Amino acid sequence: MQRVNLSTVSEFVFVGLSDTPEMRLLLFVLFLLVYLATMAGNIMLLVAICTDSHLHSPMYFFLSNLSLLDLLCPTITMPKMLGALLMEHKEISFSGCLFQHFSLIAVVGTEIFLLTVMAYDRYVAVCHPLRYLSVVSTKLCAQLAVGTWAVGLLNSLLHTSLVFTLSFCGPNKIQQYYCDIPPVLALSCSPTRSRELVILVVAGVLGSSACVVTVVSYIYILLEILSRNSPGIWHKAFSTCGSHLTVVCLFYGTTICTYVRPSFTYSPHRDRVVSMLYGILTPLLNPIIYSLRNKEVKCALRRVISRVRSAL
């Protein structure tokens with residue numbers, strides 16, 4: 001059997017996004033602004049939900065968890081990437097790479113299941129509006145939130161143990177700006193086919209289960225809308241579900257393209273672009289999507305900004 005951690009590699013080196021000094025500086029400024037905007041947007045959304053009593057409902061409780069995940073996701077990868085762009089410090093220790101990998105997979109997995117829970121929440125809100133608060137109770141919200149985080153952590157623990165107990169004894173250049181599954185597997189000098197199969201099966205089962213629940217929830221929502229056939233029902237349903245549906249399509253599409261496929265289809269240049277979509281742009285767009293399409297959130301954000309101005 002394979003012995004645990006036969007690695008002779010003590011550190012990995014990220015392949016930079018660009019070797020041109022002028023381009024690196026431009027990318028540094030661009031990604032720094034995106035990162036700061038992502039932090040500001042999600043922090044403001046969290047503060048608004050926590051401090052405004054109008055937003056103390058199950059939907060906004062789950063949205064606060066989503067904002068927290070959107071704070072963690074870029075924070076795991078972007079500081080290291082910004083350092084590499086500015087100071088060309090592209091090295092990361094073996095243990096640092098392991099921790100980054102574990103944290104990122106945990107956040108991504110948790111977000112997938114949280115979006116599924118939010119789809120169920122929207123189903124109850126549209127199809128059973130009179131029973132909404134009794135069905136989606138405070139206790140159930142807490143249980144669902146804890147469950148999504150627990151499944152995300154356990155899934156990440158499995159993936160990380162499968163990847164980082166391999167032997168790394170040769171090249172140490174990661175064709176990515178963070179420690180992701182495909183580029184790290186590509187550096188192993190151990191046979192990886194069996195572990196890739198396990199990773200694909202686990203990701204496929206968990207991911208497809210989440211997708212099925214989400215799709216079924218929206219099928220029931222659609223059937224409910226068609227059965228009522230009342231004036232304004234489409235606009236009301238879209239205002240209730242439109243933001244979540246947009247986020248689901250954006251996040252699921254980019255995540256599936258990155259992870260649910262065998263390593264021989266791995267393309268470094270394409271995967272950097274795709275990973276930036278779900279790792280950088282999605283956390284930036286989520287608070288914008290929810291705030292622009294939600295009057296309650298916009299009012300709460302105005303009150304937060306007003307209080308900040310008064311304090312300053």
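**Exercise 1.** In this predicted model, determine how the axes of helix α5 (residues 138-164) and helix α7 (residues 193-228) are oriented to each other.

*Solution.* 
Step 1. The two axes come within 10 Å and cross at roughly 165°.
Step 2. Angles over 145 degrees count as roughly antiparallel, and α5 and α7 are therefore roughly antiparallel to each other.
Step 3. The crossing of α5 past α7 is left-handed.
Step 4. On the α5 side, the contact is made by Asn155, Leu158, His159, Ser161, Leu162 and Val163; on the α7 side, by Arg195, Val198, Ile199, Val202, Ala203 and Leu206. Sorted by class, this contact has eight nonpolar, three polar and one charged residues.

**Exercise 2.** Identify the disulfides and state which parts of the chain they join.

*Solution.* 
Step 1. The count comes to two disulfides.
Step 2. The link of Cys97 and Cys179 is left-handed, with -130° about the S-S bond.
Step 3. Cys169 and Cys189 form a disulfide with their sulfur atoms 2.0 Å apart. Cys169 is in the loop between α5 and β3, and Cys189 is in the loop between α6 and α7, 20 residues apart.
Step 4. With the bonded cysteines numbered in sequence order, the pairing is 1-3, 2-4.

**Exercise 3.** Classify Cys169 and Cys141 as buried, partly exposed or exposed.

*Solution.* 
Step 1. Buried means under 20% relative accessible area, and exposed means over 50%.
Step 2. Cys169 has 43% relative accessibility and therefore counts as partly exposed.
Step 3. Cys141 has a relative accessible area of 4%, so Cys141 is buried.

How values were computed:
Residues numbered from 1 in each chain as written. Predicted model: local features only at pLDDT ≥ 70, side-chain atom pairs only at ≥ 80, totals over all residues. Heavy atoms only, no water. Axes fitted to C-alpha atoms, helices over the stretch in contact; angles between N-to-C directions. Helix = DSSP H or I, 4+ residues; strand = E, 2+ residues; numbered from the N terminus. Parallel < 35°, antiparallel > 145°, perpendicular 65-115°, else oblique. Left-handed = near helix turned anticlockwise from the far one by under 90°. Contact = heavy atoms within 4.5 Å. Nonpolar A, V, L, I, M, F, W, Y, C, P; charged D, E, K, R; others polar. Disulfide = S-S within 2.5 Å. Buried < 20%, exposed > 50% of the residue type's maximum accessible area, 1.4 Å probe, protein only.
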